[in-house]
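Hi,

Here is the structure I said I would pass on. Have a look at it first, and my notes on what turned up follow below.

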Amino acid sequence: MLAPPPPVWGADWVNPGAPPAAGIEEEEDRMTTLKVDGMTCQHCVMAVKKALESVEGVSGAEVDLATGSAEVQGQADIQALLAAVREEGYEAAPRAA
Ligand SMILES: [Cu+2]
């Protein structure tokens, strides 16, 4: 007597227990790393952080004075981030994470 075939996970097989938006959430929390020049003290750090966090789509920003870098979370456009930093009087460039 033959055993029943094992269940096949096909493309049309929908797992009722899986969250429908799996994979989308990862995209929403994108991280962008910027190089920021011209910061000299903690006051500068706060100014840059505030500028980045005011950009539409940004959910959070961490600015590091020692490395001259900023990590921005969210869906903001990189050009908008660079412009926001430059408006504060600092130089900004995209940087690989
Ligand atoms: Cu300063």
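A quick definition before the details: two strands count as paired if DSSP finds at least two bridges between them. Also keep in mind that this is a predicted model.

Four strands make up an open sheet, ordered β2-β3-β1-β4, with antiparallel pairing. The edges are β2 and β4 (91–95), each of which pairs on one side only. From one strand to the next, the twist averages 25 degrees.

Now for the pairs. Strand β2 (residues 58–64) and strand β3 (residues 69–74) run antiparallel and are joined by six bridges. If you want a spot to look at there, Gly-60 sits opposite Gln-73 in β3. These two strands form a hairpin, with four residues between β2 and β3. Gly-68 is in that turn, and its phi is positive, about 65 degrees.

Over at β4, five bridges tie this strand to β1 (residues 31–37), again antiparallel. Val-36 has Ala-92 in β4 as its bridge partner.

And what packs on the sheet, touching β1, β2 and β3? That is helix α2 (residues 42–53), whose direction makes about 160 degrees with that of β2. Helix α3 (residues 78–87) lies across β1, β3 and β4. The angle between α3 and β1 is about 30 degrees.

That's what I have for now. Happy browsing!

Definitions and conventions. Residues numbered from 1 in each chain as written. Predicted model: local features only at pLDDT ≥ 70, side-chain atom pairs only at ≥ 80, totals over all residues. Axes fitted to C-alpha atoms, helices over the stretch in contact; angles between N-to-C directions. Contact = placed C-beta atoms within 7 Å.
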